[in-house]
Amino acid sequence: MMSPATRYTPVAIALHWLLALAIAGAFSVGLYMTDLPFSPTRLKLYNWHKWAGVTILALSALRLLWRLTHRTPADLPMPAWQLRAAHLIHGLLYLLFFAVPLSGWAYSSAAGFPIVWFGVLPLPDFVGKDKELAETLKLAHHLAAYGLGLLVTAHVAAALKHQFIDRDGLLARMGVGRA
Amino acid sequence: MKRLISALLIATGALAAQATTLQPEKSDLSFTFKQMGVPVDGKFKKFEAQLDFDAKRPEAGKIAFTVDLGSVSLGDPAFDKELAGSLWFDTKRNGKATFVSSSIKPTGPGKYDVAGKLTIKGAARDVVVPITLAQGVAVGSVGIKRLDFKIGDGEWADTSMVANDVTVKFKLAFAGL
């Protein structure tokens, strides 16, 4: 058995990997669907993408709440700048977990298509139908999503560097292997 | 005597002819349907109506309604282009949709059931449209099934994607009613 302070709580670990999968999926669908010609497939993917985004938003809220109310494992020994960079990236990731879906939701509302979660639950529109605003929000959503993509890439690259170059067992904190 | 009668006939004919005219700028024709649960609104910008109606004798009334299908808009260029295409309204071959009444039945004060034939894309269906008439403005709505008229055919026929039920809403303002 390992001491509890070396890894995240099981709930935090489950949310991390579930959201990693969901965000990668929503991001890929987002990239793919925008180039499709107008078709049922395109509309279907847009709706799935929106449903996934709202689900990610809800789970991220849960995750943030969990994070703020539970202890995180101690930092592994590493240069101070790396720790600072890691914590900064974690903070920015959390920011974008909210900014990306919220900008997408607002974009959909401004474009005149309210989101009906899983085709069942109509969600409120925080902005009215507005063509110009929709264009701005579309750009904001795309920039935020690309920003999230870059941060995730940095986060994954750093984790792999720790695991396979430094061999410091970093991934055990997130439930992969033993510390 | 003959002259007098024909003069009277001409006079009444002239009165009837200028009786009622549609005021397009005060009228609306819109519709709502659901796309994967999401309500989508659209409208037709161009339509005409010929109304021959006397509130004292509603049963003798007649209405003919023509919609320019090419004037359809969902307010989104990608959707509008698709709607004009052959799987939807096919506006190149089917410029107009028509409704011609066959009977008007009063159902209450200022309320009528207008029965008639709705023709879109060559398919005709009998529909009953309940309307409310007040101050020269007829307001009402009617539910139709888009697939009855092959609106959204082929790959779009899947009703889990685009619902079969479409609600058509109208407000028609007439001058001289």
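Predicted model: local features only at pLDDT ≥ 70, side-chain atom pairs only at ≥ 80, totals over all residues.

Residues are numbered from 1 along each chain as its sequence is written, and chains are lettered from A and ligands numbered from 1 in the order in which they are written.

Of the 177 residues in chain B, 25% are buried, a residue being buried if 20 or more other C-beta atoms lie within 10 Å of its own, exposed if 12 or fewer, and partly exposed in between, with C-beta atoms placed from the backbone.

Next, select Ala49(B), Phe65(B), Val67(B), Phe89(B), Val114(B) and Ile131(B), which have the most contacts inside the largest nonpolar core, a group of 38 residues. Such a core is a set of buried Ala, Val, Leu, Ile, Met, Phe, Trp, Tyr and Cys residues joined through C-beta atoms within 7 Å. Strand β11 (residues 165-175) of chain B gives the most to this core, with 5 residues.

Which residues are in contact with Val67(B), leaving aside its neighbours within four places in sequence? They are Leu29(B), Phe44(B), Phe47(B), Lys96(B) and Ala97(B), contact meaning that the C-beta atoms, placed from the backbone, lie within 7 Å.

Now show both chains: 12 residues of chain B are in contact with 12 residues of chain A.

Turn to chain A and select helix α1 (residues 10-33), whose 24 residues reach 34 Å from the first C-alpha to the last, close to the 34 Å expected at 1.5 Å a residue; the expected span is 1.5 Å times one less than the number of residues. Within α1(A), Ile23(A), Ala26(A) and Gly30(A) are buried, and their cover includes α2 (40-69) and α4 (131-166) of chain A.

Finally, select Leu143(A) in helix α4 of chain A, which counts as partly exposed because it has 13 C-beta neighbours inside 10 Å. Its C-alpha atom is separated by 17 Å from that of Met33(A), 110 residues apart along the chain.

Key. Contact = placed C-beta atoms within 7 Å. Helix = DSSP H or I, 4+ residues; strand = E, 2+ residues; numbered from the N terminus.
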